[in-house]
Amino acid sequence: MAFACLTLAVILSACASPTPVVVVVTATPPPPADTPIPEPTATLVPVPLSGPQNGTTMRWIDGSTLAYVAPSEFIMGNGGYDAPIRTVALDGFWIYQTKVTNRMYAQCVAVGACSAPALELGGPVYSNPQYANHPVVGVTWNQAQTYCGWAQGQLPTEAQWEKAARGAGGSPYPWGVDKPGCDLLNLGYCMGHTSEVDAFPDGRSPYGLYDMAGNVFEWVADWYDPAYYTNAPAANPAGPDNGTYRSIRGSSFETDFDQVESAVRHFGSQSYHNRDLGFRCVVNAPQFFAPYCQTAAYIPSGTLVSGGCELPQTRVAGQYCAAGNSYATIALPKDAIYEASSALKCDEVVVDGQRLLVCRGPNTQETTNPLTVCNPTCSNSPQITGAAPTCDPGYTLDAASSSCNYSPISAAPGLAGCPSGYILTNDGGIQACAAGKNQNGECPAGLYFDALAGRCAAPTGLSVVPYGIDNPELAVQSYSGCPYGFAYNETFQCCQAVSGGTYPGCSPGSTFSAELGACSPGEIRLAGPGCVTLDVTTLKCMQPVDTCAPIQDETRCIHNPFCRWNEKNGTCDIRK
């Protein structure tokens, strides 16, 4: 890799897209004129808040989840020449629970706030939906900082990153003191490629953060200076004022097992990018943004159930390049049968008793092809039960577009109380409806659950919020506006996509299912009686050699199976 590490050795290394779900704005009509609208004074009664605690989570405007790290001192460093052991005090901050994914980054590109990442040889293609939940790679420091700014945050300082990774007590690893292994993180060629950002729950940090070790390295805000922490401020150190290199923290899927301690520092030029370098953001002072006018429908976690016969337990075990060829390995049950796409050339092997399918794909471009694996004893079709698309409180489902439209209601409870998804509050003797948790147990985006108040509250300290409530005056008083690429619609009290814009798609850990018309927590789709279909992606392992361009004769061109004639340009091009 092009950046140096603690030992000054060169490290060799390798965010859905993740195309966001595109929905057309169909604003929900305001309530009828005779619907009672509560007076603003009925919703402005203050309620005591405990505030967020360590590990409190909050969904954010780009589809990510933020985790709170409370103010405190922590042990920083490991005694290395550029990482002396010292006690550092930090203010509280919110940090992304996962690395920024390809899908999240694609949203920033779609609204025109970010530039596309570089396509890295041997790395995942950013626009391939198969990698929607993988970390975005191929981004420079400037690109990472630009994304964080669009999401109302910034790159974490080295001190913030290290505290979030190891906790206040200074554990060597995010999960504690146990030696690293392939069950805790993606490193040392355990997988040989990037993995989904939430694939290793057992390796989470004390604040519930994923991938603070392994998968891909992460940009941080500081300039790198090996001597900085010898005399750095004891409270909220922000790094040197200037420098030649930017700091990089963490480790990657190619990192050796002895280089994954949370205190290990790396650095690279500000323009550097690679296939195993990504980032996450911090939001030091989250603002309360208006809700989006539309969001993607979702299937609540735990509702996908297979009826009928047992489905085969199969998975894509890895992808790799060898001698310029691109391979993928698939783990198969002992008696399963399979059918592969004609684009894949597959052979069976058995390794340590495990039946594996080794498939070779095109080596000059990344491709994704289906492979169906079936249980041969099945005779009846599997079914999906309890998997109806749903929306967060404050939204109604538009089945035609598979989207959820923002539909605020009156705060005044009806004879039957509050609608589903809302809670009845009693503040100062005034009863009102307020948006509650969704079917996944999460507060609406931009709100966290406050234990003392017993409700979803804004990080700005608002205990009574207009989210899901039709109250234009309170909305104007409470909301801080909309992210770049969206405009506030006063009539519907929500953030509407500007021309050409898109709304955030599925959150990390879920994938949009065209069959269900919603974000599904499952990755493998059902494919018939006792069958599952895997998307098998093989990587681009070499640059194509253009043998077509020199051909100037149309007849010679069309008779070459690897070429096609471009009638418009009068050129012979490589057949894609």
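Is cysteine 433 buried or exposed? With a relative accessibility of 4%, cysteine 433 counts as buried. The structure is a predicted model, and its protein chain has 5 helices and 31 strands. Of the 576 residues in this chain, 53% count as buried. The chain exposes about 24400 Å², of which carbon and sulfur atoms supply 52%.

**Disulfides**

- A disulfide is a covalent bond between the sulfur atoms of two cysteines.
- The count of disulfides in this model comes to 12.
- One of them joins cysteine 374 to cysteine 531, with an S to S distance of 2.0 Å. This pair links distant parts of the chain: cysteine 374 belongs to strand S17 (residues 367-374) and cysteine 531 to strand S29 (residues 531-538), 157 residues apart.
- The disulfide of cysteine 374 and cysteine 531 is right-handed, because the torsion about its S-S bond is about 110 degrees.
- Cysteine 391 and cysteine 404 form another disulfide, in which the sulfur atoms are 2.0 Å apart. Cysteine 391 lies in the loop between S17 and strand S18 (395-398), while cysteine 404 lies in strand S19 (residues 403-406), so the pair ties together parts that are 13 residues apart in sequence.
- The link of cysteine 391 and cysteine 404 is left-handed, with -85 degrees about the S-S bond.
- Cysteine 391 is buried, with a relative accessible area of 14%, and cysteine 404 is buried, with a value of 0%.
- A disulfide also joins cysteine 418 to cysteine 433, with an S to S distance of 2.1 Å. Cysteine 418 is in the loop between S19 and strand S20 (422-427) and cysteine 433 is in strand S21 (residues 430-435), so this pair ties together parts that are 15 residues apart in sequence.
- The torsion about the S-S bond of cysteine 418 and cysteine 433 is about -95 degrees, so this disulfide is left-handed.

**Nonpolar cores**

- In soluble globular proteins, nonpolar side chains tend to be buried together.
- The largest nonpolar core of this model has 69 residues. The residues with the most contacts inside this core are Trp60, Tyr96, Val100, Tyr105, Tyr147, Trp219 and Phe279.
- Helix H2 (residues 141-150) supplies the largest share of this core, namely 5 residues.
- A second, separate core has 20 residues, including Trp161, Ala164, Met212 and Tyr229.

**An antiparallel sheet**

- Strands of a sheet pair through backbone hydrogen bonds, either parallel or antiparallel.
- In this model, 4 strands form an open sheet in the order S1-S2-S5-S10, with antiparallel pairing.
- Strand S1 (57-59) and strand S10 (282-283) stand at the edges of this sheet. Each has a single partner strand, so one side of each is left without a neighbour in the sheet.
- Strand S2 (residues 65-69) and strand S5 (residues 93-96) pair in the antiparallel sense over 4 bridges. Alanine 67 has isoleucine 95, in S5, as its bridge partner.

**Loop residues with positive phi**

- Most residues other than glycine have a negative phi.
- Aspartate 211 has a phi near 55 degrees, a positive value in a residue other than glycine. Aspartate 211 is in the loop between helix H3 (158-166) and strand S6 (217-223).
- Aspartate 211 is buried, because its relative accessible area is 4% and the limit for buried is under 20%.
- Serine 402 likewise has a positive phi, near 55 degrees, and is found in the loop between S18 and S19.
- Serine 402 counts as buried at 18% relative accessibility.

**An exposed loop residue**

- Serine 342 lies in the loop between strand S14 (337-340) and strand S15 (345-351).
- With a relative accessible area of 66%, serine 342 is exposed, the limit for exposed being over 50%.
- Serine 342 and glycine 361 are 19 residues apart in sequence, and their C-alpha atoms are 9.7 Å apart in space.

How values were computed. Residues numbered from 1 in each chain as written. Predicted model: local features only at pLDDT ≥ 70, side-chain atom pairs only at ≥ 80, totals over all residues. Heavy atoms only, no water. Disulfide = S-S within 2.5 Å. Helix = DSSP H or I, 4+ residues; strand = E, 2+ residues; numbered from the N terminus. Buried < 20%, exposed > 50% of the residue type's maximum accessible area, 1.4 Å probe, protein only. Core = buried A, V, L, I, M, F, W, Y, C linked by side-chain atoms within 4.5 Å. Pairing = 2+ DSSP bridges. Areas by Shrake-Rupley, 256 points an atom, 1.4 Å probe, with all protein chains shown as cover.
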